[in-house]
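Biologist: Hey, could you pick a single part of this protein and give me a close look at it? After that, I'd like to hear how the rest is laid out around it.

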Amino acid sequence: MNMDELKRQAAAKALEHVQGGMKLGLGTGSTAKHFVDLLGERVKGGLKIIGVPTSEATRIQAEACGVPLTTLDEIDHLDLTVDGADEADPDLNLIKGGGGALLREKIVAAASDRMIVIADDSKWVPKLGRFPLPIEVIPFGLGATRRAIESVFAQCGLTGEMVVRPGKDGHAFVTDGGHWILDAKLGTITDAPRLGTLLGAIPGVVEHGLFIGLANTIVLAGSDGIRVVERP
Ligand SMILES: O=C[C@H](O)[C@H](O)[C@H](O)COP(=O)(O)O
């Protein structure tokens, strides 16, 4: 079975948790795309739900699939968010933002009663950090922000190359919020909650891709079948 089929299997499993009347956060990325696709089929079959997309890409896809959408200004909470991840550890802490949607994804996950992560099992790691950590930053004063981030890395015993994520046009990639992303190749992150807290306090850092304590469940699809892990 190829990777894309595994992602669709994980998405189909998460769909079992969706019930009529739910308000759903709709994730971003190649795995979440399958979930939105399958959800659209259920909506066509009569399922009544409403969704909040975590990116412009997901908004466009959801609209094309006929999934009714709203915003967090119009509703006060979400029942469930289903989203992908770039890495997940046994505490169900995550690295997200490989597709650049981390800011809206974190706002939506934090507004949600429950978050289910869907992934192929290559995303499961004993410790976060193999995947470069995305950090969303304001372009103004980038030099100062970089130095502050490097100082936080040093406090956490981390080093590694940090690059401005390039876009398709050769300029910097610009997020849905109009910001840039620094990708930091850190290697093993021994204390992800501490790193997340310190990064979050830096002026110029809008958000970072460490999702600490937000995911409740992960559905991992592998060649041996599906494994569901709950946060300890
Ligand atoms: O910004 C993108 C998101 O955090 C994605 O959910 C994450 O990158 C995983 O994407 P994929 O399912 O394509 O591996």
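Modeller: Let's start with a word we'll need: a helix here is a DSSP run of H or I that is at least four residues long, and helices are numbered from the N terminus. Keep in mind, too, that this is a predicted model.

The part I'd zoom in on is Glu105, where UniProt, in an unreviewed entry, places the feature "active site". You'll find Glu105 in helix 4, which covers residues 102-110. Is Glu105 buried or exposed? The cut-off for buried is under 20% relative accessible area, and Glu105 counts as buried because its relative accessibility is 3%. Who does Glu105 touch, if we skip residues up to four places away in sequence? The list is Thr28, Thr54, Asp83, Lys96, Gly97 and Phe211.

Now let's step back to the bigger layout. The domain assignment gives domain 1 as 3-125 plus 212-224, and domain 2 as 133-208. Their C-alpha centres are 24 Å apart, and the contact takes 14 residues from domain 1 and 15 residues from domain 2.

What about the nonpolar residues? In soluble globular proteins, nonpolar side chains tend to be buried together. Here, the largest nonpolar core has 25 residues, and Val18, Phe35, Leu39, Ile49 and Ile118 have the most contacts inside it. Among the elements giving two or more residues to this core are helix 1 (3-15), helix 2 (30-44), strand 3 (80-83) and strand 6 (115-120). Take Val18 as an example: leaving out residues up to four places away in sequence, Val18 touches Leu24, Phe35, Leu39, Leu47, Ile49 and Leu80. There's also a second, separate core of 23 residues, including Val125, Cys156, Leu186 and Ala192.

At the start of helix 6, a side-chain oxygen of Asp191 comes to within 3.2 Å of the backbone nitrogen of Arg194.

One last stop is a loop. Thr175 lies between strand 8 (162-164) and strand 9 (180-184), and Thr175 counts as buried because its relative accessibility is 6%. Apart from neighbours within four places in sequence, Thr175 is in contact with Gly100, Glu136 and Ile181.

Conventions: Residues numbered from 1 in each chain as written. Predicted model: local features only at pLDDT ≥ 70, side-chain atom pairs only at ≥ 80, totals over all residues. Heavy atoms only, no water. Buried < 20%, exposed > 50% of the residue type's maximum accessible area, 1.4 Å probe, protein only. Contact = heavy atoms within 4.5 Å. UniProt positions renumbered as here; feature names shortened; annotations may be inferred. Core = buried A, V, L, I, M, F, W, Y, C linked by side-chain atoms within 4.5 Å. Polar contact = N/O pair within 3.5 Å; in protein donor to acceptor, adjacent residues only side chain to side chain. Domains from an automatic or database assignment.
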